[in-house]
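Visitor: I would like to learn how to read salt bridges and strand pairing in a model. Could you walk me through some cases?

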Amino acid sequence: MPVQSLSAPDVSRETSGSVQTPLGTQQPTGGPHGSDDERRSALIATVPAVDETTPVAAELAMDARRRIELQGRRFPRPPKTRIITVANQKGGVGKTTTTVNVAAGLAQSGLNVLVIDNDPQGNASTALGIEHRAGTPSVYEVLVEGESLASTVQQCPDVPNLWGVPATIDLSGSEIELVSLVSRETRLRKAIDKYLADRLAAGEERIDYVLIDCPPSLGLLTVNAFVAGREVFIPIQCEYYALEGLSQLLKTIDLIRSHLNPELRVSSILLTMYDGRTNLAQQVAGEVRSHFPAETFKTTIPRSVRISEAPSYGQTVMTYDPTSTGALAYLQASRELAERGQGGSSPRRAMKAEPVGAQD
């Protein structure tokens, strides 16, 4: 059986993070970049070739290749700080999960990352393991009370160069409080820009990525995130309902670009909860890729119990089970995001708010 041919320890399916990969989970790249790539390519060539007629074996082989290719690799730094808003007004599509796991993947690969939890539910704060009880300095103080972002930043306990700004229950009433404030749409942008400038002035290392997690709505919190961001990252669940709200989201982004933030663009779309065994998932993926071929990641995120379990331990899946299929998929997506920020590889065109849905 093809599955038996994949029973060697370095390509076996893991149930915990204790299994070592061929390069080791902390394998340094060392030496010239080319020699490291050659070493990885040689190891990948040893993985047995399988096809989709044996789906379990195919998944094992893909996981093995991703471990060899990605773990221990340092991703390229962007020319300047990339401020990315992760948004989709539909709930349950994986916004928070994508935000924290992509952030952890980037941070584990040598980049400095800041996550801003702009969702009153505070789920990103939970996954990062940072304090977000009532009374904790949070994004609420930044938006409503004008506090500095630096006073709210916390270090993620599991990843050295990953920081977070928490959301507390206070944020749930901020939409009403923001209505009467001056420059209500630009308050988050000003706070982020000042924080980044102050870090550089103080001689601290530059933040490479700022990821802003948004609530499942198009209210003032999301508008603040759109005005603050220069890029929009849209996770889309592989179900038909997820397509229906995409047109409205693109219309909102067009309005923000026209009136508040001309720099804003949709740079990334990630397909989440993908199950290649179902026709629906394949059709939704095909529909999204046909409308947005440049923006849609090649990587898809599968349904994964490990991804769902990780927040209950106050972790991302990247630290909870780094060798699991879900963690490797998010690490691959993190690499794709990092490489899209180099030179002209990142899509720059404006996306039109056209209807998206199944074709007759």
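Visitor: Which side chain meets that of R257 in a salt bridge?

Guide: Keep in mind that this is a predicted model. The general idea is that side chains of opposite charge can pair when their charged atoms come close. Here the partner of R257 is D254, with 2.6 Å from N to O.

Visitor: How many residues apart are R257 and D254 in helix α10?

Guide: They are 3 residues apart in α10 (residues 246-259), so about one helical turn separates them.

Visitor: Is R257 buried or exposed?

Guide: R257 has a relative accessible area of 19%, and the limit for buried is under 20%, so R257 counts as buried. D254, at 22% relative accessibility, is partly exposed. Elsewhere, salt bridges with shared partners link R189, D193, R230 and E263 into one network.

Visitor: Which residue forms a salt bridge with D198?

Guide: That is K194, and the closest N and O atoms of the pair are 2.8 Å apart. Both residues belong to helix α7 (residues 187-201), where a spacing of 4 residues is about one turn of the helix. D198 is partly exposed, with a relative accessible area of 38%.

Visitor: And what does R133 do, and where does its side chain meet E131?

Guide: The side chains of R133 and E131 meet in a salt bridge, 2.8 Å from N to O. R133 has a relative accessible area of 59%, which makes it exposed, whereas E131 is partly exposed at 34%.

Visitor: How many salt bridges does a search of the whole structure find?

Guide: The search finds 19 salt bridges.

Visitor: Let us turn to the strands. In which sense do β7 and β8 pair?

Guide: For a general idea to start from, side chains in a regular strand alternate between the two faces of the sheet. In this model, β7 (residues 265-274) pairs with β8 in the parallel sense, over 3 bridges.

Visitor: Why is β8 described as largely enclosed by the rest of the structure?

Guide: Count its buried positions: 5 of the 7 residues in β8 (residues 296-302) are buried, so the strand is largely enclosed by the rest of the structure.

Definitions and conventions: Residues numbered from 1 in each chain as written. Predicted model: local features only at pLDDT ≥ 70, side-chain atom pairs only at ≥ 80, totals over all residues. Heavy atoms only, no water. Buried < 20%, exposed > 50% of the residue type's maximum accessible area, 1.4 Å probe, protein only. Helix = DSSP H or I, 4+ residues; strand = E, 2+ residues; numbered from the N terminus. Pairing = 2+ DSSP bridges. Salt bridge = Lys/Arg side-chain N within 4 Å of Asp/Glu carboxyl O.
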